[in-house]
Each structure stands twice: as C-alpha cells, then as structure tokens.
Amino acid sequence: MLAKALTAPRRSADFSGQSGQVGGQPGFEERLTREIHQSERTRMLILAGLSGSLAVTFPVLVLVFRQNYAHIFGTAWAAQVIAVFVLLAIYELVIRQVVGCRLEKGKTLPRPLRFLNAVVETSVPSILIVIAARRGDPVYPLQSAAAYLYPVFIVLSTLRLDFRLSVFTGCVAAAEYVVLSAVFIRGSDVAAGTLFSLPPFYIAKGVMLVMAGFAAGFVADQIKDRVMSVFRGLEERQRIVNAFGQQVSPAIVEELLKQGPTIPSKRTFVCVLFMDIRGFTRLVENKTPEEFVAYQNAVFGAAIEIVDRNHGVINQFLGDGFMATFGAPVATGRDCRNALTSARELLVAVKALSDSGRIPATSIGIGLHAGEAVSGNIGSQTRQQYSISGNVVILASRIEQLNKDYDSRLLVSAEVLREAGEGDHGAKSLGLVQVKGRDEPIEIYGLA
C-alpha cells in the first residue's frame, strides 16, 4: 500500500502566481481582453438597434408633424437623416462582425482602431446637426434632439471598459459641438440678441460633455475592476481545484481561498487515514473494464462524500484504496475525531453497498495515525503539487497493513485516540506493536 502511495501519480498545478497561459488554457490577461471585446460587441449591437429604431421612428415623427418640420427645415433633409441612421446601423453590425471574426482567430481589435471607431460614432450627431443647419436656422439643430445623441454615445462608451476611450469620446463630442456652435451660430437670425448667441452657453455644454466622459470612464473602470475581481476569483478557485483535485469539499475550497494566493510549506499536526480493499485483485480479475470502473466509482464515491463531510481531503486514490488527510490544508481543531468518524462511516457504507448488491461482498481495512507532517507545495517554480510528507504518513500505512495480521478492519494509534479525546471510543488495546521500518514499537488499538 505504501509503495503505491509513494509512486502513484498525483494531480499537479502551477502556483507561480503568473497570469500567463498554463496548460494550454488562456491566461488572465487574454481572457480579460476577450471579455472587454465581447462587451464592445454588445455596445455595437445596442447602437445598431438604436440606429435602426431611429430610422423607423423619425419618419413617423416627420409625417405626424410634417407642417412644423417643413416650416423650419423643408422636406428634403429628412431622407438624409434617415440615411445616416441606416448607415450607422450597418456600420455597427459590420464592425461587430469583424471583431467577432478576429476573436475567433484569437486576435483583437488594435487599440488605434478603437479610438478611430469612437471618432466615427461620436461624429454622427455632428453630421445630423450639419444636415439640419443647411436647411434652416442653425440654432434649431444645435438645440435639437440630435445634440442629445452625444450623451448617448458617451454613456454607451462605458461598455468599452476603458477609461481613456470614455474620456476621449466625451472630449470628441465636446470639441465637435463647440466648433459647430462657433461656426453656425454667427449666421443665426433667431439666436441674435438672445442667450443662444452667447459663446459661454455652448462652451458650458461642451464642458458638461467632457465631464460626462470622465464620469463614464470612472464607471467603465469600476465595471472593469469588478470583472477582473471575478476572473481572479475564478482563477484562484481553479488553482485550488488543480492542487487538490475534485476530492476537495466546497467548504475547504472556501477556506483555502481566504488564506491567500499561495499554499506555503509548513509543519502541521494531521491525522492520516489509509483505506485498503481486501482481495481487490480477486474481486476484479474477471470483470470487464466497465464493471471495474463501476466498482471503483461505487466505493470511492461513498468515500469522497464521507471524507468531505468530515472536513478531510483525499490526497490520492491508489487503485485498491486511498489516502486521506485531516488537518491539512485546513485544520478544524477536531481532526482526529473527524478521521475516526470517517473511518466508522466508511465501514458502514461499504457494508451497505455489499448488502444491497451494488458491489460484490467487499471487506476493507483502515489504519489511522496522527502526528506532525510537512504540508505544502513540492517541486520547481514551474511545476508544483500539494503533498503531505513525514513519518506520520508511513506509520498510518503500516498500521493499515496490520489489519491483515490481526484479522481486523480498523486499527488506530494511541496518538489518534489521545487527540480525539472523550473516552476510548470502544477501542481494544493490542499493546505495543513492532511496526516494519521503525525501531521503537507503538501502541495500537482495534476499533473494528
């Protein structure tokens, strides 16, 4: 049993703390970049839908209020406005498709093109103002709904998850609006002698657009920080799962996540449990591979549930048994008692499986020993694995093997009973027993 424990392959994981690509999986930065571009595609879809809606609703408004529009702007300009909305919708859908294709190939949109795209989109309200200003007094388009599209583009820039792009969008909107105001307001007869002819009126609006850009950038940064936090949390959880495999209970994973990004090597008091299936070779020699796996799943499935419930960790499956640790990586203060409870529940569970006919009649042997061990990562900086090392592991395996000599099912050392406390747990002393590989005998107790 011990030889199998020392030679059996274990799951390993990268604990270098680097966010690069590991095991063929995309790294943190790459996944975050992809998430940002997916958010960008969502923003483009929203803009395409908004433009398409305006292309439909604007003609309706013109028809309903045609006399008012005709009095101010005439009629020819309406078709040009609709064309702008349609072209913007097509543009957004095309760019969205381009970004999607690049993501499928593992590429992203170059940063300069993202800024250029911001200029193109933010210029749409300016184009609408120019079209309307050529058909009527410029004060009307400067105060019309077209000018209120600037804030829409600024707000949607938050989905870019980029502070600089949001601020840039606000600055572009402000610059275009202030420049158009300076150019057109001089030729306005309606604005002459009123508040609308004063430069501060338009400059103040430009300042508000810049401030809106900064506000949107702040929101974008907050969203990005939360996305990064979620990704780091998932990455940390995956690190724990990689280190301990799927035999770690959710409660232990949560506790490990609280301990920080590393699992340092340290001396700790643990209780080690070894379980061995008696006559395993005889039990499975005539079974098909599928029946072999079904048998293991039945026995080990029950073991996982029991060990998890009692706050232990199954470090290794050994073909005909397993090794479990109580007290590392997370100590509960009652680890020996938890190990004893697990051992008893394992005996009951295997008997129930045998009695129900789910598995052939099966007998198991369990050995427990408690003491200090070194727990933590072993290996190089690029390849590490979690391990429990020390004499306590060797002795627990030797104690389990003694079940064959004493025709017993559960043997524990005196250290386990002493640490478990509260009575002898129905144990029967076998006295001082000489254990293979150890000069001094140890006191052993039988519980089943």
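Trainee: Why is R160 called buried?

Mentor: R160 has a relative accessible area of 2%. Buried means under 20% relative accessible area, exposed over 50%, and partly exposed in between (1.4 Å probe, protein chains only). R160 is therefore buried. Keep in mind that this is a predicted model, where local features need pLDDT of at least 70, side-chain atom pairs count only at pLDDT 80 or more, and totals for chains, interfaces and linings use all residues. Residues are numbered from 1 along each chain as its sequence is written, and side-chain values use heavy atoms, with hydrogens and water left out.

Trainee: What makes E40 and R160 a salt bridge?

Mentor: Their closest N and O atoms are 2.8 Å apart. The term asks for a side-chain nitrogen of Lys or Arg within 4 Å of a carboxyl oxygen of Asp or Glu, and the E40 and R160 pair forms such a bridge. E40 lies in helix α2 (residues 28-64) and R160 in the loop between α8 and α9, so the pair ties together parts that are 120 residues apart in sequence. Helices here are DSSP runs (H or I, at least four residues), as are strands (E, at least two), numbered from the N terminus.

Trainee: And how do you know whether E40 is buried or exposed?

Mentor: E40 has 2% relative accessibility, so E40 counts as buried.

Trainee: Why does G437 count as exposed, then?

Mentor: Its relative accessibility is 83%, so G437 goes down as exposed. You'll find G437 in the loop between β7 (428-433) and β8 (442-446).

Trainee: Why are α6 and α8 called roughly antiparallel?

Mentor: The axes of α6 (residues 124-133) and α8 (residues 149-156) cross at roughly 170° and come within 8 Å. Axes are lines fitted to C-alpha atoms, for helices over the stretch in contact, and angles run from 0 to 180 degrees between N-to-C directions. Angles under 35 degrees count as roughly parallel, over 145 as roughly antiparallel, 65 to 115 as roughly perpendicular and the rest as oblique. That is why α6 and α8 are roughly antiparallel to each other.

Trainee: What makes S157 and S166 a polar contact?

Mentor: Their side chains make that contact at 3.1 Å. The term covers a pair of N or O atoms within 3.5 Å; within protein, one must be able to donate a hydrogen and the other to accept it, and residues adjacent in sequence count only if both atoms are side-chain atoms. S157 sits in the loop between α8 and α9 (163-184), and with a relative accessible area of 1%, S157 is buried.
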